[in-house]
Structures are given as C-alpha cells and as structure tokens.
Amino acid sequence: MHPAEPLMDMGRLAAWLSEAAGAPVVIFTHARLSGGAIQQNIALSVTCGGVAETWVLRTDNAATLAVSLGRGAEFALLQAAHAAGVMVAEPLFGCEDRSVIGAPFFVMRRVSGSAAGHAAAKRAAAMGGDAALAAEHGRQIARIHRIRPPRADLGFLGEPPADATAAFIARMRGRLDEAGTPRPALEYGLRMMERQAPAPLPAVLCHNDFRTGNTMQDAGRITAVLDWEFAAWGDPHEDLGWFTARCWRFGQNHLEAGGIGPMEAFLGGYAAEAGWQPDPGRVRFWQLGATIRWAVIAADQAARHLSGQEPSLELALTGHMVPELEWDVLNQAEALHAGKA
Amino acid sequence: MLEKPDPKNLLETARALLLERLLPALPESARLEARMVASAMAIAARGIGAANSAPEPELAAAIRAGALDDDPGLLPRLRERARERLAVSNPRAL
C-alpha cells in the first residue's frame with residue numbers, strides 16, 4: 001500500500017459523506033490501493049452513524065482514456081448491476097462536484113478477494129478445471145444481460161446499435177485508421193466478420209471487459225465483477241466471446257471458459273440464469289471479434305509508449321503481443337470461413 | 001568491421017546473467033519487472049537482422065474493400081507475414 005495522496009482534504013470529504021449518508025461519517029484511516037493510469041482507489045475505514053465500515057473511494061487520475069466511461073457513469077452502471085443481482089461492490093454515494101476532492105468520485109463498500117487472472121487460472125487448472133466457477137461466471141454475465149434498453153439512468157450509453165456486428169466492425173476500422181499502421185491480418189478478420197455476420201439480436205448491456213482477472217474472487221467464488229468502464233449496448237455473445245477467447249485464458253488453453261473451466265459449464269450457467277441458450281457458433285464468431293479488439297487495444301498501448309507521453313516497458317511489451325493475436329485471428333477467421341462454406 | 005561479440009551476442013549474454021544471477025537475488029516485488037526486462041532483451045536480440053517487410057497499406061485497403069475475398073493466395077500471404085513478425089515477437093506461439 002502507498003500513503004494516501006496528501007492533497008485530498010479528508011475533513012471536506014467526511015463532511016460531504018455525512019451529508020450523503022444522512023448520518024455522521026468519521027474517517028479513521030485512508031490508504032491508496034492499487035491504482036493505474038486511469039483511476040485510483042482509496043480504502044477508507046470509517047464509522048457511519050457510529051457503525052464501523054470499510055469503503056473504497058474511486059476517482060479519476062488526471063489522464064483518462066478517451067474510450068472509457070467516467071466515474072459518474074461507472075457509478076450508475078454499478079447501481080444498475082447491483083439492482084439486477086450482479087455481484088458487485090455495493091455502490092453507496094456518487095459525487096460529481098469537483099470541489100470536494102478535485103475530481104468526480106464515488107464510494108462503494110469494500111469487497112474481499114483478489115482479481116489476479118494468472119493466479120485464478122492456475123488454481124482452477126490445478127484442480128483439473130473449476131466447472132462450478134465457470135458456471136458462476138455464466139450466471140453473472142447473464143444477469144448483466146438482463147439490463148436492456150431503454151434505460152433513462154444509463155442514457156450516457158447512447159442509442160443501442162441496430163446491428164452490433166456492423167457497429168463493432170466500424171468502430172475497429174475507425175481505431176485502426178486513427179492508429180495509422182496498416183494491419184492486413186486484422187483487416188482480414190474484420191472482413192470475415194462482415195461476410196459471416198449473423199442476424200442482429202436485440203441489444204443488451206454488455207460489460208465489454210468481463211474476463212478472468214476482472215472478477216474478484218475469494219476461495220474460488222466470485223465476490224465482485226469489476227471494471228465497468230467499457231460497458232455498452234451490444235450483442236450478448238460479445239461478452240461470451242470475450243470471456244472465452246484464447247487470449248484471455250491465461251495460458252490454460254484447454255480450459256476454454258476464461259482458463260478456469262469448460263465452455264459447457266460456462267454456457268450452461270448462462271442458460272440456466274438467462275432462460276435461453278447462447279449459440280455456440282455465435283460465441284466463436286465473437287471470440288474472433290474479441291481477439292481483434294484485444295489486438296487493436298494492445299497496439300494502441302504500444303503507441304502510448306512510442307508517443308513518448310507514457311514511456312513504459314509494460315506498454316512496449318504489450319505491443320509485441322499483437323503478432324500472436326494476429327496469428328490467432330487468421331486461424332479463427334479461416335475456421336469461421338470453413339464452417340460456413 | 002565492428003568488434004565482436006556482436007549486439008545479439010551481448011544481449012543474449014546479458015540476459016542470461018540477469019535471469020541466472022540477478023533475478024534470484026532480487027526482492028519478490030522487483031521480479032516481475034526484471035522478467036519484463038529479460039523479455040525485452042530476448043525480443044531485441046531476435047530482431048537483430050530479422051526480416052522486416054514494408055508496411056502494406058494497399059493490401060489492408062483491398063482486404064477491407066472486399067476486393068480479395070476470392071483470392072486463394074491471400075491467406076497464405078498473410079500467414080507468411082504473421083510468421084515473420086512472430087519469429088521476433090513470440091516464436092513460441094508458432
């Protein structure tokens with residue numbers, strides 16, 4: 001843990017929290033948790049109306065990704081997910097007023113567990129795959145997909161796309177054009193998606209980063225679904241493809257569901273909760289989409305390093321993951337083509 | 001003529017020292033970063049003298065436009081390029 005940022009006025013924060021909670025809030029300790037380039041998390045030990053509680057305050061750093069949602073939107077998403085029965089840290093109070101701590105923030109209840117992807121996959125692999133945990137992931141994502149437009153509280157998501165595949169392809173091509181590096185292999189994958197596009201389904205709320213490493217786990221059980229800043233209306237199979245794509249199996253390729261369990265258990269859990277059966281062919285279609293999207297993101301991360309704005313060996317090495325992803329894209333696109341021929 | 005050992009040999013020798021001697025002596029908190037340094041050195045060493053084809057903007061545009069949908073030579077060509085790139089970035093994935 002790092003010491004908390006000294007610039008935050010804890011007295012001011014306690015006063016605001018007291019007003020929001022409708023009960024006196026006293027902050028005893030505050031400590032910075034894991035933080036990234038995008039946001040920071042601060043653990044708060046408090047009493048609220050005399051009752052001891054542990055909260056987490058989440059706020060933006062100055063440099064934020066243009067493609068991700070802000071904290072106010074994330075708070076609204078957490079509220080919607082919590083109401084839909086998704087395992088999330090209970091959202092408590094959101095604040096858009098920059099004068100309190102210098103940036104918008106929200107406060108949620110602290111959840112126990114760890115979100116280390118490699119450790120989760122290793123643990124599951126050691127027991128020959130954790131079918132129960134895979135099924136639980138299926139149930140959680142099915143609950144998220146119960147959130148459907150129109151939703152006034154999620155207005156910042158904009159209009160749902162009439163055709164999620166066409167919207168995805170256009171978005172990826174736009175990002176490739178913006179990055180400026182020609183990538184024939186990714187173009188090939190996108191063109192194959194365009195040629196094999198399935199009929200559109202009614203849009204649902206897609207988390208868009210639902211993968212091993214983004215679910216907090218404690219003793220092999222999900223305690224919270226994290227990282228909601230890429231959520232958008234889309235095809236439910238987008239999330240299923242992202243979770244099961246080879247690139248998010250953390251080295252446990254034989255465990256198709258996120259490197260933690262079998263595909264059947266994951267989709268079975270989904271179907272039991274959703275009341276409908278996902279289409280495995282459509283999941284494979286979106287695994288290709290997931291691989292293309294991760295390649296585009298990885299290339300953008302390297303570009304952040306190369307621009308000189310954020311020199312980082314981690315970002316630089318992420319760029320060298322792109323060829324492997326391209327190789328995977330070619331294999332998947334070929335299989336998709338063969339399957340339909 | 002440049003003096004030997006050449007850059008590739010130097011990188012490989014330095015990387016072996018990093019992994020065999022320095023890494024075990026580092027605190028746990030610094031090991032991930034040390035492994036990242038070792039990865040970067042391995043990629044750099046493989047990149048020395050490697051084939052490096054020119055970017056292909058026309059090919060990318062033609063694929064996007066659908067002009068090569070029925071070209072049987074396209075996929076083998078893309079694989080060849082991908083193999084070339086993987087040979088430097090991550091040959092284990094081949």
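Helices H7 and H9 of chain A pack against each other in this predicted model. H7(A) covers residues 236-244 and H9(A) covers residues 280-306. Two packed helices are described by the angle between their axes and the distance between the axes. Here's how that works out for this pair:

| Feature of the H7(A)–H9(A) pair | Value |
|---|---|
| Packing angle | about 70 degrees |
| Distance between axes | 7 Å |
| Handedness of the crossing | right-handed |

Angles from 65 to 115 degrees count as roughly perpendicular, so H7(A) and H9(A) are roughly perpendicular to each other.

Who touches whom? On the H7(A) side, the residues in contact are His237(A), Glu238(A), Leu240(A), Gly241(A), Trp242(A) and Thr244(A). They meet Arg282(A), Val283(A), Trp286(A), Gln287(A), Ala290(A), Arg293(A), Trp294(A) and Ile297(A) in H9(A). Sorted by class, that contact has seven nonpolar, four polar and three charged residues.

Now for the chain as a whole. For 341 residues, a compact globule would have a radius of gyration near 20 Å, and the 21 Å of chain A agrees with that.

What share of the residues in chain A is buried? Buried residues account for 55% of the 341. As for contacts in chain A between residues at least 6 apart in sequence, 69% of them join residues at least 24 apart.

How values were computed: Residues numbered from 1 in each chain as written. Chains lettered and ligands numbered in written order. Predicted model: local features only at pLDDT ≥ 70, side-chain atom pairs only at ≥ 80, totals over all residues. Heavy atoms only, no water. Axes fitted to C-alpha atoms, helices over the stretch in contact; angles between N-to-C directions. Helix = DSSP H or I, 4+ residues; strand = E, 2+ residues; numbered from the N terminus. Parallel < 35°, antiparallel > 145°, perpendicular 65-115°, else oblique. Left-handed = near helix turned anticlockwise from the far one by under 90°. Contact = heavy atoms within 4.5 Å. Nonpolar A, V, L, I, M, F, W, Y, C, P; charged D, E, K, R; others polar. Rg over C-alpha atoms; globule rule 2.2 N^0.38 Å. Buried < 20%, exposed > 50% of the residue type's maximum accessible area, 1.4 Å probe, protein only.
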